[in-house]
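Student: I have this chain open and would like to go through a few parts of it. Can we start with a single residue and work outwards?

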Amino acid sequence: MTDMSENIAELKTELTSIVEAANDLSSLEQAKITALGKKGKITGLMKTLGSMSAEERKMTGQALNELKNEIGALIGKQESALKRQVMDEKLATETIDVTLSTRPERQGHIHPISQTLEELITIFADMGFSVAEGSDIEDDWHNFTALNFPPGHPAREMQDTFFLPEDPDEKDEYAKKLLRTHTSSVQIRHMKENKPPIRMICFGRTYRSDYDMTHTPMFHQLEGLVIDEKTHMGHLKGCLRDFCEAYFEIDNLPMQFRPSFFPFVEPGAEVDIGCSREGGGLKIGAAKENGKSDWLEILGCGMVHPNVLKSCGIDPDVYQGFAFGMGVERIAMLKYGIPDLRTFFDSDTRWLDHYGFDPLGRPNRAFGG
Ligand code: DAH
């Protein structure tokens with residue numbers, strides 16, 4: 001054996017024992033620097049290659065490379081063993097006591113709007129409605145014109161509707177952008193994109209310039225639309241009766257359909273539910289002592305106007321159907337006894353603690369609200 005190969009063999013023994021002796025990750029890192037670092041032992045020997053004969057350089061170079069690979073592999077092995085050891089120690093010592101009771105932290109609550117929407121979706125999904133979506137920013141055509149609002153209708157006025165700043169290049173007045181004043185615009189979008197039969201609900205934020213105990217500039221609506229060849233007013237009444245009884249959880253709820261006008265339906269109606277205001281409070285579904293009911297308006301509805309169908313490319317001689325729309329806050333206030341609409345959006349956590357719902361008790365299709 002030449003001196004050099006003896007040196008390499010000794011170095012291998014030395015480095016192997018240094019690496020094997022490393023009993024934690026930081027001493028292993030140190031061993032790595034000693035063996036393979038820029039100023040390390042193997043690198044040191046590599047530097048002597050330049051002064052060797054060609055023959056010797058070839059042999060020594062090869063042997064040093066092998067040594068480098070072997071020590072590198074040994075370090076890798078040692079590293080995984082040490083990491084495993086660290087993990088095993090952690091697993092043995094850092095156990096989590098799952099029986100520990102929760103800290104007395106504030107518990108969050110589901111906002112009554114989310115809860116009510118969840119209940120509405122559950123009920124209508126059970127009746128076979130699917131959910132459609134629209135956007136908060138609409139244009140005049142979808143929000144008014146296609147819904148048969150005549151020019152000059154008061155709802156189009158600035159004092160009700162939030163218009164977006166006008167685009168000076170936009171010449172088409174029906175393209176004027178606004179914040180939707182109702183979810184009825186989604187009827188139009190849905191009918192343009194889908195062929196009958198249609199059975200959809202949509203819901204979301206709507207905007208009107210209004211502020212008092214029963215109005216806020218932003219509020220929520222839920223809208224429904226059914227279109228096919230045979231749907232008639234009887235279906236509308238049956239559907240809304242089933243809905244009201246399910247939502248208010250009252251069988252044989254007194255209801256009346258009162259004729260009313262909305263440009264996009266003909267005939268149009270408002271639905272009232274029976275209640276008693278006797279004794280100051282409000283009892284939904286209850287009759288007064290004389291056996292009669294007081295009435296409370298809860299939603300608008302009607303048979304879709306032929307002009308609306310035409311705007312969406314649907315032949316009114318073949319298809320017909322009904323639509324309805326309701327204020328989500330309003331029916332939440334009635335069901336849960338919340339007196340002032342403005343408080344919904346005050347972001348007061350004490351209000352939410354009082355009127356909010358347990359996050360784990362939300363209804364779903366199997367366990368409806
Ligand atoms: N869009 C109406 C409103 O905001 C509510 C409404 C009434 C919707 C009658 C309808 C309907 O779909 O048929 O006051």
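Tutor: Fine. This is a predicted model. Take A269: its relative accessibility is 3%, so it counts as buried.

Student: Where is A269 found?

Tutor: In strand β7, which covers residues 265-276.

Student: And what is A269 in contact with, apart from its neighbours within four places in sequence?

Tutor: R258, P259, S260, F262, L299, G300 and C301.

Student: OK, new topic. What does the domain assignment give for the chain?

Tutor: It gives domain 1 as 2-93 and domain 2 as 112-355. The C-alpha centres of domain 1 and domain 2 lie 77 Å apart.

Student: Let's look at helix α1. What span should it have, and what does the model show?

Tutor: Helix α1 is residues 3-21, 19 residues in total. At 1.5 Å a residue that should span 27 Å, and the end C-alpha atoms are 27 Å apart, so the two agree.

Student: Which residues of α1 are buried?

Tutor: M4, I8, L11, L15 and V19. Around the axis they cover an arc of only 65 degrees, so they sit on the same side of α1.

Student: And what is exposed on the other side of α1?

Tutor: D3, E10, T13, E20 and A21.

Student: What covers the buried residues of α1?

Tutor: The cover includes α2 (25-36), α3 (41-47) and α4 (54-93).

Student: How do α1 and α4 pack?

Tutor: Their axes are 10 Å apart, at an angle of about 10 degrees. The two helices are therefore roughly parallel to each other.

Student: Which residues meet there?

Tutor: From α1, the list includes M4, I8, L11, L15 and V19, along with K12, T16 and E20. On the α4 side they meet T60, A63, L64, L67, E70, I71, L74, I75 and Q78.

Student: Last one, α2. Which of its residues are buried?

Tutor: L28, A31 and A35. Seen down the axis of α2, these fall within an arc of 55 degrees, so they line one face of the helix.

Student: And what covers the buried residues of α2?

Tutor: The cover includes α1, α3 and α4.

Student: What about the span of α2?

Tutor: Its 12 residues should span 16 Å at 1.5 Å a residue, and the end C-alpha atoms are 16 Å apart, which agrees.

Technical notes
Residues are numbered from 1 along each chain as its sequence is written. This is a predicted model: local features need pLDDT of at least 70, side-chain atom pairs count only at pLDDT 80 or more; totals for chains, interfaces and linings use all residues. Side-chain values use heavy atoms; hydrogens and water are left out. Helices (H or I, at least four residues) and strands (E, at least two) are DSSP runs, numbered from the N terminus. The expected span of a helix is 1.5 Å times one less than its number of residues. Buried means under 20% relative accessible area, exposed over 50%, partly exposed in between (1.4 Å probe, protein chains only). The arc is that of the directions from the helix axis to the C-beta atoms. Contact means heavy atoms within 4.5 Å. Domain bounds come from an automatic or database domain assignment. Axes are lines fitted to C-alpha atoms, for helices over the stretch in contact, and angles run from 0 to 180 degrees between N-to-C directions. Angles under 35 degrees count as roughly parallel, over 145 as roughly antiparallel, 65 to 115 as roughly perpendicular and the rest as oblique.
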